[in-house]
Amino acid sequence: RRGLPSGRSRARSRGAAGAALLPSMLMFGVILASSGLLLMIERGILAQVGPPPLQPPAGLSRRDGRDSPAELEVEVLRDTRNRTIRALCGQRSMPRSVWELPPGQRRTVLRHLLVSDKYRFLYCYVPKVACSNWKRILKVLDGALESVDVRGKMDHKSDLVFLGDMKPEEISYRLKHYYKFIFVRNPMERLLSAYRNKFGEIKEYQQKYGVEIVRRYRKNGGNSAGDDVSFSEFLQYLLDEDVERMNEHWMPIYNLCQPCAVRYDFIGSYERLHADASHVLEHIQSPSFVRFPERQAWYKPVTAETLHYYLCNTQRRLIRELIPKYILDFSLFAYPLPNITSEFCRQ
């Protein structure tokens, strides 16, 4: 907090340009820049501080006063994300292209960038952020599926074109000239969604990961079939895992899509899924019959109440220690850190 007044003074000296800095931008700038980040997390300071009131940044106006508060809030959020990404990615140590990434990181992002040459766009898919429906849309656009409503087991490989399968010159051309977008989600909500889906429903994940997690973190857990992994055990597993070796369903979005090495034209959010998806489809000029699929009746989304229950019934130590692994997802995409204070959890 001692650093904020001097930052404001510098902003005032820069005049109108400095006045454009948002209070929320300052908050996330502090998260990124402060050397005391881990100490703040340990003391629960960040979790207790609610987001500041949103203010319209310079250049965003209420066109004739008709913009609704919700529309203005969306504009402010996007501006905050863009400014934060520019601030972080503008630092010398950050990669400027995929070719500056270490080989392993480059393979990961190129393996997650899907290509549509017909509509000239790249989509970085993030598991547990509606990526199955986006893949369905790509298949419809390329003629492999008749409709987004065609049901059946989703094949995540066939009839899809991955940027990583192309030659370097083909990769560079598409990165430079194609429209690029990603969709993001609250990091803790995404982790909970992955946990409930993979360990509650998918036998393959129960056998591949669940059995090992229980064996590693539970006394006398050798007889488990991997279908009874607790959320705390899952978080402890994530805490001990190397980020670069994580399964894609819980690898941080930053590591999957590398927003510094790939300059995305649009960042959509899970919270505004249909509106943001419609914006993308309109931008790429997709046929009018292509629309984002509706949520299936059987799907059980993670609600605020569900997330509250899991977070408040988990050791706070685990959550506090895990946050630094996902801090770039929280800060770059303007998501608040989880509130795990005693007062909040008693509600």
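Which cysteine does C89 join in a disulfide? The partner is C260, with an S to S distance of 2.0 Å. Keep in mind that this is a predicted model, so everything here is read from computed coordinates.

**The overall picture**

Counting sulfur pairs within 2.5 Å, you end up with three disulfides. Number the bonded cysteines along the chain and the pattern reads 1-4, 2-3, 5-6.

| Disulfide | S to S distance | Torsion about the S-S bond |
|---|---|---|
| C89 and C260 | 2.0 Å | -80° |
| C124 and C257 | 2.0 Å | -90° |
| C312 and C345 | 2.1 Å | about -80° |

**C89 and C260**

Let's start with the link from the opening question. Its torsion of -80° makes the bond between C89 and C260 left-handed. As for solvent, both C89 and C260 are buried.

**C124 and C257**

Next up is the disulfide formed by C124 and C257, with 2.0 Å between the sulfur atoms. At -90° about the S-S bond, this one is left-handed too. Neither end is out in the open, as C124 and C257 are both buried.

**C312 and C345**

That leaves the pair C312 and C345, whose sulfur atoms are 2.1 Å apart. The torsion here is about -80°, so the C312 and C345 disulfide is left-handed. Two helices are joined by this bond: C312 is in α15 (residues 304–312) and C345 is in α18 (residues 342–346), and the two cysteines are 33 residues apart.

Are these two cysteines buried or partly exposed? C312 has a relative accessible area of 21%, so it counts as partly exposed. C345 also comes out at 21%, and therefore is partly exposed as well. The cut-off matters for both calls, because buried means under 20%.

**One more cysteine**

Finally, a quick word on C131: its relative accessible area is 7%, so C131 is buried.

Notes. Residues are numbered from 1 along each chain as its sequence is written. This is a predicted model: local features need pLDDT of at least 70, side-chain atom pairs count only at pLDDT 80 or more; totals for chains, interfaces and linings use all residues. Side-chain values use heavy atoms; hydrogens and water are left out. Buried means under 20% relative accessible area, exposed over 50%, partly exposed in between (1.4 Å probe, protein chains only). Helices (H or I, at least four residues) and strands (E, at least two) are DSSP runs, numbered from the N terminus.
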